[in-house]
Structure formats: structure tokens, C-alpha cells
Amino acid sequence: MNKKSLFASFAILMITLPAQAQNPSAEEINRRLIAGRALEAAIWGMSAVNTDLMRQEMLTKTPGKVNQFIYWGRPLDWKNQTLTPNPDTLYFMAFYDTKVAGPMVIEVPPGDDQGSLNGNIVTVWQTSLEDVGLLGVDHGAGGKFVILPPGHKDAVPDGYSILRSDTYGGYALVRSNLRSRSDADVAASVAYAKRVKFYPLSAAANPPETVFTDVKDVNFDSTIRYDASFYQSLDRVVQSEPWIERDRAMIDQLRTIGIGKGKPFNPDAKTQATLTAAIGEAKVLLEQRYDAGFPVFYPETHWTMPALSEAVEGQSSTYANPDKYAIDARGVAYTYAYIAIKRLGAGQFYLISIRDKEGQAFDGSKTYRLRVPADVPVAQYWSVTAYDRETHALIKNMPRASRASNAADLQKNADGSVDIYFGPAAPAGKDTNWVPTDPARKFELMARFYAPKKEFFEKTWSLPDIEKVGATVGSGARQ
């Protein structure tokens, strides 16, 4: 080939390569379409998959069944790998399904000397149906709440508060309040919560006994699976629930990735690989948004709101505003948490911190101190819990996950403030005020305030940042 021919061939190659890049094959275009829609589906479907993961854990690892209660018969420890749970109360959960059973009734007992509870009832998408209990719509008076299936037209007898669900499934989360962690108070809290009744409305004349199953020793792991199984969960939701009007635009989106109502979901190897890559990209994207942080609650600190405001508004109102649908914010929220609260701030409020005073991520090999000022403006209690920064669940293999004001052994300073320490070893003499961390992993913190008073929101009281207090040694931290 002479130089002239070689130059001509090179010129043709240079022209052809960009043209090929700009004109991908139909197969490549289809792969890109599946990848893009799978990424969107993951963000859109996160809250429903979150619910499905918890429900599947109950069905596959415990004797519990739908339309019954499971509960943790002691304050939660790391075996409960749900997302950012509260280990300073007792959890009771009931997954409902009204498709076969019809309307389901939850009878909430009045708060009294024997106990009280805070409860939330949500749909499969974890949009709020109602808050109940001491700080709920009944203000502790108790009541009968009936969850109606989508499209239910029949009259409901008098005496029930009607909750119209747009899904057949969903769940109720009941937190039975603890006076302390003593065995007697835990037993009293369990006994009180078991006064909740859960039965089909059709059996209201003679309700069957509510079934409660203690799952405290079960490794209950509902952390988000960022693999192709995510789409198996999403398919289960699509097969079991009606399309909600606001989501009909997703019907064809999901059909592109192989999920269609009434159709088996059996992606081939190539599609499976594309889905796996897509859920991996969704994880990166959502983690970036979480790491960017939420609006700061206390100025000049790293304590932030518990979620983006548009997600809170949408989940508490079932997206009543037709001009808003916070899919992205919702997607972020349900990577690290579950449940929705209809009146956030009325019963409880949460703050998150993922960085110390210096703006650095919390390192489980270091020791930190949080000084909680005296006179925390709450009517019930406050707590601070450490979670695994990657999974957002309780840190595995730790003997304790939190400290709370209802812990009888919590030491107070002379001025009434409380120092809480986080690190791999307790500072000398501070074991009762210590939350252990895994030196090999990063962690994050959530502060909870139950029955916050107006001073809390007026910010006449504030929570300072967490400070690193010194190098950690085997027997404790040097301050």
C-alpha cells in the first residue's frame, strides 16, 4: 500500500469511528434503554422494595404471618438489621393484606398506668395512613382504625376511624414505650402492647385472638440489596398491588426491563447483567445524595433534618399536591430508613449527623463525645443511636447501640448535661455513657426526641456537634 492509499484508509477510519459511536446498533440502544429504565425503576421503587424486604424476612425467617404481629421482646440489638431502628423502645410490626381478608381493624388501647405506645400505619409505598397512640391522632385515648382496600365501597359500621389505602398491603409499626430497660419494665411494655388487637372487619362481632410472635433472636436483615434481586422484590410488588394513578407512567418503563403485571419475570443473562449494573449505579447515585446531607437543623452544626422536606411532605400526604412527586427524595430516604409519619414533630423528631465538628466522617476506630445540654425539651425521652455508615443498620456484634435518657444508669454532669461517648472502647469510668463502634467501619448518628416541646423547634435549646476527644487505646480513650 503506497502512502497515498494509507492516508486515504486512515482518513476513512477516522471518519467511520465517530460515526459508529454516534450510530450504535439497535441492540446497544436497547441495552442502554434497559439500563436507564432500570436505574429509574430502582429510585422510584425503593420505598416499596424496602417494605417487601421486611415482609419477606418475616415470612422466610420467622413463624410470623401476614395479618399477625411480630415483635422484639427486648430493646433491639444488632440482630435486627432493619434501617435505622430505635433500640430504646420495643417494636411490634404487623404486615396487612386486605386483598383476601378484606378491611383490617387495628384496635389501639388507651394509654394508662400500664403503658403507652406510638404507632404509624402505612401503605406498601410507605405513605402514611395515620399516626396512632399517645402522640397520634387519638392522643392516647385509643380507638378502632379500619384499613380499607383500594376501591372499597361498602359502608363501614360506626365507631371506626377509616383509613383508605391505595394498596392492598402495608404495615403498622407500634413502638411500646419503655420506662426503663429493667426486666420488669420490658415485661410491662410487652404486656401493654399485646393489648393491641388486629383482625378482619368481617370478624368484628367475635374477633379472633391476635397472634404475636417474638422474633428477638432472629437475624432479621432488611438492608437494601444492591443486586439483581432488587428487581425480584419490585416484581413482587407489581404482581400483588394495583397500579396507582400517579405511577401509570412507569408501566411501560418496567415492561422494558421485563416486569409486567401478570407476566413472569425471568430476565436472560444479558438483561440480568444490565440490571445488576443499573442497581449498582443507583446505589452510587443515592449514596452521593445522602452524603451531600440534608438541610441543617441547628445553625453552625452538622445536625441535619432527617430527610429532604419534599419526601416528608409527600409521604405524609400521599402526594396530595398534584404539582409535586418527590421520587428522587423518596428514593434517598428509603435507602436508610423505613416508615412514614403523618405529623412529624408532633410525636417525635429526628436529627442525623454523619460528620464530626471538624466536618470529617465518623471513624469507628476513633473516640468522640457528644455533650447533650441539660433540660432537653421533650415530654418523653431522647436518645442517640450509632449505625453502620454503609448499611444504615445497627453496627453488628456490638453489645449496645445507643444511650437514652430513659436509661437508669446514665451519668449526668454537675450542670445536668450528659456526655455520650462513641468509640471502640469506653473511656475510663464512662461505660454507662458509652456507645461502642467497630474500629473497621465508619458510623453515623441519629438523635431522637419523643414528644418534643415548642422550645425544641424554637431552638432555644440546641444540640452541639460531636467532637473527637483523643486517641483510643485498648482500655479506653485518652482525653
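Strands here are DSSP runs of E, at least two residues, helices are runs of H or I, at least four, and both are numbered from the N terminus. Before I go on, this is a predicted model, where local features need pLDDT of at least 70, side-chain atom pairs count only at pLDDT 80 or more, and totals for chains, interfaces and linings use all residues. Residues are numbered from 1 along each chain as its sequence is written, and side-chain values use heavy atoms, with hydrogens and water left out.

So, how confident is the predictor? pLDDT is its confidence in each residue, from 0 to 100. The protein averages 93, and 94% of the residues score at least 70. The stretch to watch is residues 473–479, where pLDDT stays under 50. The model has 20 contacts beyond four places in sequence for that stretch, a contact being heavy atoms within 4.5 Å. Where pLDDT is low, the predicted coordinates should not be read in detail.

Back to valine 108 and its strand, S4. S4 covers residues 104–108, and five of the five are buried, so the strand is largely enclosed by the rest of the structure. Buried means under 20% relative accessible area, exposed means over 50%, and partly exposed is in between, with a 1.4 Å probe and protein chains only. In a regular strand the side chains alternate between the two faces of the sheet. In S4 both faces are covered: Met104, Ile106 and Val108 are buried on one side, Val105 and Glu107 on the other. And the partners? S4 pairs with S7 (residues 143–148) in the antiparallel sense over five bridges, and pairing needs at least two bridges found by DSSP. S4 also pairs antiparallel with S10 (residues 197–200), this time over four bridges, and there valine 105 stands opposite tyrosine 199.

Is threonine 98 buried or exposed? Its relative accessibility is 2%, so it counts as buried. Beyond its neighbours within four places in sequence, threonine 98 contacts Pro103, Met104, Ile147, Pro149, Thr167 and Tyr168.

Next, helix H4, residues 183–193. Its buried residues are Val186, Ser189, Val190, Tyr192 and Ala193. Down the axis of H4 these fall within an arc of 165°, so they line one face of the helix; the arc is taken from the directions from the helix axis to the C-beta atoms. Exposed Asp183 and Ala184 are on the face turned away from that buried side. Among the elements covering the buried residues of H4 are strands S3 (90–97), S5 (117–123) and S9 (169–176).

Now the nonpolar cores, meaning sets of buried Ala, Val, Leu, Ile, Met, Phe, Trp, Tyr and Cys residues joined through side-chain atoms within 4.5 Å. The largest has 67 residues, and those touching the most other members include Met93, Tyr171 and Tyr338. Helix H2 (residues 26–61) gives this core its largest share, 13 residues. Apart from it lies another core, of 30 residues, with Trp303, Phe443, Ala447 and Trp461 among them. As for tyrosine 338, its contacts beyond four places in sequence include Asn50, Met54, Met93, Tyr171 and Leu173.

Last topic, charges. How many salt bridges does the structure hold? There are 31, counting a side-chain nitrogen of Lys or Arg within 4 Å of a carboxyl oxygen of Asp or Glu. One of them joins glutamate 28 and arginine 31, at 3.0 Å from N to O. Both lie in H2, three residues apart, about one turn of the helix. An α-helix has 3.6 residues a turn, so residues three or four places apart point the same way.

Aspartate 217 pairs with arginine 74, with the closest N and O atoms 2.9 Å apart. Aspartate 217 is in the loop between S11 and S12 and arginine 74 in the loop between S1 and S2, so the pair ties together parts 143 residues apart in sequence.

Then aspartate 388 bridges to arginine 441 at 2.3 Å between the closest N and O atoms. Aspartate 388 is buried, at 5%, while arginine 441 is partly exposed, at 31%. And salt bridges that share partners join Glu57, Lys61, Asp221 and Arg225 into one network.

Note on methods. pLDDT = per-residue confidence, 0-100.
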